[in-house]
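This note is meant for a colleague who is meeting the structure for the first time. The points below take up the sheet and then the nonpolar cores.

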Amino acid sequence: MINDQQQLLTVTEFKPKNRRIMGVGGPEDGDDGDNKEEDIKWPPWLRPLLKTSFFVHCKLHADAHKSECNMYCLDCVNGALCSLCLSFHEHHRAIQIRRSSYHDVIRVNEIQKYMDITGVQTYIINSARIVFLNQRPQPRPGKGVTNTCLVCHRTLLDSFTFCSLACKVNGTSKNFDQKRKMCKEMDDAESLNGTFKSKIQSFTPSTPPPTTVSSYRTAKRRKGIPHRSPMGSGLLLQY
């Protein structure tokens, strides 16, 4: 009886291989830890925010007058919200997205409460300072440009490094640094290869100029002005 009771009281410990399934947040199989470090570096709502499409009509309040989705809840991270949806997110951290030249922007006094925006260029629109959410690449930088975005190469003021929040996220990642180093090494190799080719071409002998004798012979063979025979005019043919 005692052994039976001990067997009933024995608790088997379950250790899952993937802790993410149990909601603990452990690394997945094959995760080297780089992605985890990147996630810790930025707030968990930032990447979903940058991928969200705003200024669409709300599906829950389609018949309402103000059904445009320009709000976002940082605590729920469940997509764009309209002003009527905010009643379900009371006491949550909500931010408002605005539009400028068909691009999503947010006011600096709202976003800087929740993340560091150092290095991102700010603009003043309607007397309010704003930052852009996503990159806006230029087809060609203007003449005399001295500073551009580190990621999309958009023209910036000298005191800034990125043109948007998305460019800062991408430009400060380890993968971007590695790709940038590889591109720099490739550019250096191409420049060295071009310098080597130019040196080889400089040692190639050029075609020698024509000598004085050959030029004199060429000038001597030149034909002069043709003259008519003096007897040609008095020649008569008799039949």
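**Notes on the sheet and the cores**

1. Arg-99 stands opposite Asp-104 in β5. The strands β4 and β5 (residues 103-107) pair in the antiparallel sense over 3 bridges; strands are DSSP runs (E, at least two residues), numbered from the N terminus, and two of them pair if DSSP finds at least two bridges between them.

2. The model is predicted, with local features needing pLDDT of at least 70 and side-chain atom pairs counting only at pLDDT 80 or more, while totals for chains, interfaces and linings use all residues. Residues are numbered from 1 along each chain as its sequence is written, and side-chain values use heavy atoms, leaving out hydrogens and water.

3. The order β4-β5-β7-β6 describes an open sheet of 4 strands with antiparallel pairing. At its edges lie β4 (98-100) and β6 (123-125), each of which pairs on one side only.

4. The largest nonpolar core has 27 residues, and Leu-49, Ile-111, Met-115, Val-131 and Leu-165 have the most contacts inside it. Such a core is a set of buried Ala, Val, Leu, Ile, Met, Phe, Trp, Tyr and Cys residues joined through side-chain atoms within 4.5 Å, where buried means under 20% relative accessible area (1.4 Å probe, protein chains only).

5. Leaving aside neighbours within four places in sequence, Leu-49 is in contact (heavy atoms within 4.5 Å) with Phe-54, Tyr-72, Ile-95, Ile-97 and Leu-133.

Definitions and conventions:
Buried means under 20% relative accessible area, exposed over 50%, partly exposed in between (1.4 Å probe, protein chains only).
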